[in-house]
Amino acid sequence: MADDLKSLADLKAVSTEAAPAREPKIDAQGRSYATGKRKNAIARVWVKPGSGRITVNGRDVENYFARPVLRMLINQPFQVAGRVQQFDVVCSVTGGGLSGQAGAVRHGISRALSFYEPALRSSLKASGFLTRDPRVVERKKYGKAKARRSFQFSKR
């Protein structure tokens with residue numbers, strides 16, 4: 001009986017220890033891959049060490065995302081992780097509009113960074129960059145002008 005209690009205590013001690021550290025997921029070319037999503041946009045992102053160059057659909061990020069707000073959105077994961085100008089990013093993004101695509105690229109960069117350097121996961125998660133934004137456009141219902149708006153009421 002005492003041996004059983006001792007083995008149970010040993011099992012509890014083992015289970016409460018810290019989980020093993022995550023292994024980096026890096027391919028043969030030294031890149032880390034992740035998929036980012038936002039609204040209807042899907043981004044496939046590859047991250048590798050480099051000079052900070054970001055390429056979106058074969059074009060430079062300044063050409064693809066002309067608005068400075070969208071470029072700032074994309075660079076946020078690097079600033080939070082303290083890795084500005086240290087990684088090159090190549091991504092292809094489809095669907096949605098520019099804002100959704102920028103959010104998808106940010107989500108993909110954050111996930112790829114956490115795969116490349118698992119120690120960065122906690123800071124990226126605390127900033128909310130690893131969470132997929134679930135908000136999407138609500139569908140139109142029958143008998144309604146739009147998703148919720150009713151047709152104009154006429155008394156006579």
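Which helices each supply at least two residues of the lining of the largest pocket? In this predicted model, they are helix H2 (61-64) and H3. H3 gives the most, with five residues. The lining comprises 15 residues. Gly52, Ile54, Asn75, Phe78 and Gln85 lie nearest the centre of the pocket. By class, six lining residues are nonpolar, four are polar and five are charged. The space in this pocket is about 210 Å³.

Helix H3 (residues 68-81) also meets helix H4 (residues 98-116). Their axes come within 8 Å and cross at roughly 10°. Angles under 35 degrees count as roughly parallel, and H3 and H4 are therefore roughly parallel to each other. On the H3 side, the contact is made by Leu70, Leu73, Ile74, Gln76, Pro77 and Phe78. H4 contributes Leu98, Ser99, Ala102, Gly103, Val105, Arg106, Ile109, Ser110 and Leu113. Of the residues in this contact, 10 are nonpolar, four are polar and one is charged.

The strands form an open sheet of five, in the order S1-S2-S5-S3-S4. Pairing in the sheet is mixed. Strand S1 (32-38) and strand S4 (59-60) stand at the edges. Each has a single partner strand, so one side of each is left without a neighbour in the sheet. S4 runs antiparallel to strand S3 (residues 54-56), and two bridges join them. Thr55 stands opposite Asp60 in S4.

H4 packs on this sheet. The helix touches S1, strand S2 (41-49) and strand S5 (87-94). The direction of H4 makes about 145° with that of S1.

Note on methods:
Residues are numbered from 1 along each chain as its sequence is written. This is a predicted model: local features need pLDDT of at least 70, side-chain atom pairs count only at pLDDT 80 or more; totals for chains, interfaces and linings use all residues. Side-chain values use heavy atoms; hydrogens and water are left out. Axes are lines fitted to C-alpha atoms, for helices over the stretch in contact, and angles run from 0 to 180 degrees between N-to-C directions. Helices (H or I, at least four residues) and strands (E, at least two) are DSSP runs, numbered from the N terminus. Angles under 35 degrees count as roughly parallel, over 145 as roughly antiparallel, 65 to 115 as roughly perpendicular and the rest as oblique. Contact means heavy atoms within 4.5 Å. Ala, Val, Leu, Ile, Met, Phe, Trp, Tyr, Cys and Pro count as nonpolar, Asp, Glu, Lys and Arg as charged, and the others, Gly among them, as polar. On a 1 Å grid over the protein atoms alone, a cavity is a set of points where a 1.4 Å probe fits but cannot get out, and a pocket is an open set with protein on both sides within 12 Å along at least five of seven lines; lining residues have an atom within 4 Å of a point. Grid points are joined across faces, edges and corners, and a volume is the space filled by probe spheres set on the points. Two strands pair if DSSP finds at least two bridges between them.
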